[in-house]
Amino acid sequence: GSEMCIREALKLLHFSLQNNKNDVESAYLIQSQILSLLINIGRCFTHIKSETRSIYVIKMLKIINEDFSKHLSPKLFAADFHVSESYLQRLFKQNVGQSIIEYINSKRLEQAKFYLEKTDMPIIDIAVSVGLNTRHNFIQLFKKKYGTLAFPVQKAEKNQAYDIPIEPGELSKQKSYTE
């Protein structure tokens, strides 16, 4: 890789300096070899820098995926990594395609959807268990991602199938409640 190119460029430069005839050709040769060395150092630095950037993203993804229900924010990540929040935001978006908050909320909503479909947990308990601590915020985000709040599986088995309306206009669409 770049390290080999740097080593070769240094060898050539060293050889040219040892055999310098103090003429124009030698001067141009040495200048071109110095430029080649600098270019290769730059390439090597870019490679190292991109590896470092991906380390931040990998660490954030690991933390988010391990426990997305705890309080997580770009500000906290930036403080933990001792880098700027805007830098982390940009880096995460470039590597993952979503902002940090969008990714965290996406993970939370996937888990919430599972709870809604497979359990009888009340909405507020689901919201809290996935880290979305207000019912209103949870319903807003969930509806934005999935279009509605539906409780089809276990509640249907218990003969209590219904949708909770989110907007006043949806009240007329509400299914009848059964005991």
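Predicted model: local features only at pLDDT ≥ 70, side-chain atom pairs only at ≥ 80, totals over all residues.
## Overall fold

The secondary structure of the protein chain consists of eight helices and zero strands, and the pattern read along the sequence is accordingly written α-α-α-α-α-α-α-α. The protein chain has 179 residues, of which 28% count as buried. When contacts between residues at least 6 apart in sequence are considered, 50% of them join residues that are at least 24 apart.

## Helix 3 against helix 4

Helix 3, which covers residues 74–81, packs with helix 4, residues 85–96, at an angle of about 110°, and the axes of the two helices lie 8 Å apart. Because angles of 65 to 115 degrees count as roughly perpendicular, helix 3 and helix 4 are described as roughly perpendicular to each other.

On the side of helix 3, the contact is made by Pro74, Lys75, Phe77, Ala78 and Phe81, while helix 4 contributes Glu85, Leu88 and Gln89. By class, the residues of this contact between helix 3 and helix 4 comprise five nonpolar, one polar and two charged.

## The largest pocket

The largest pocket has a volume of about 170 Å³, and its lining is formed by Gln98, Ile101, Glu102, Asn105, Ser106, Leu109, Leu141, Lys144 and Lys145. Divided by class, this lining of the largest pocket holds three nonpolar, three polar and three charged residues.

Helix 5 (100–118) and helix 7 (135–146) each supply at least two residues of the lining of the largest pocket, and helix 5 gives the most, with five residues.

Notes
Residues numbered from 1 in each chain as written. Heavy atoms only, no water. 1 Å grid on protein atoms, 1.4 Å probe; cavity = no way out; pocket = protein on both sides within 12 Å on 5 of 7 lines; lining within 4 Å. Points joined across faces, edges and corners; volume = space filled by probe spheres on them. Helix = DSSP H or I, 4+ residues; strand = E, 2+ residues; numbered from the N terminus. Nonpolar A, V, L, I, M, F, W, Y, C, P; charged D, E, K, R; others polar. Axes fitted to C-alpha atoms, helices over the stretch in contact; angles between N-to-C directions. Parallel < 35°, antiparallel > 145°, perpendicular 65-115°, else oblique. Contact = heavy atoms within 4.5 Å. Buried < 20%, exposed > 50% of the residue type's maximum accessible area, 1.4 Å probe, protein only.
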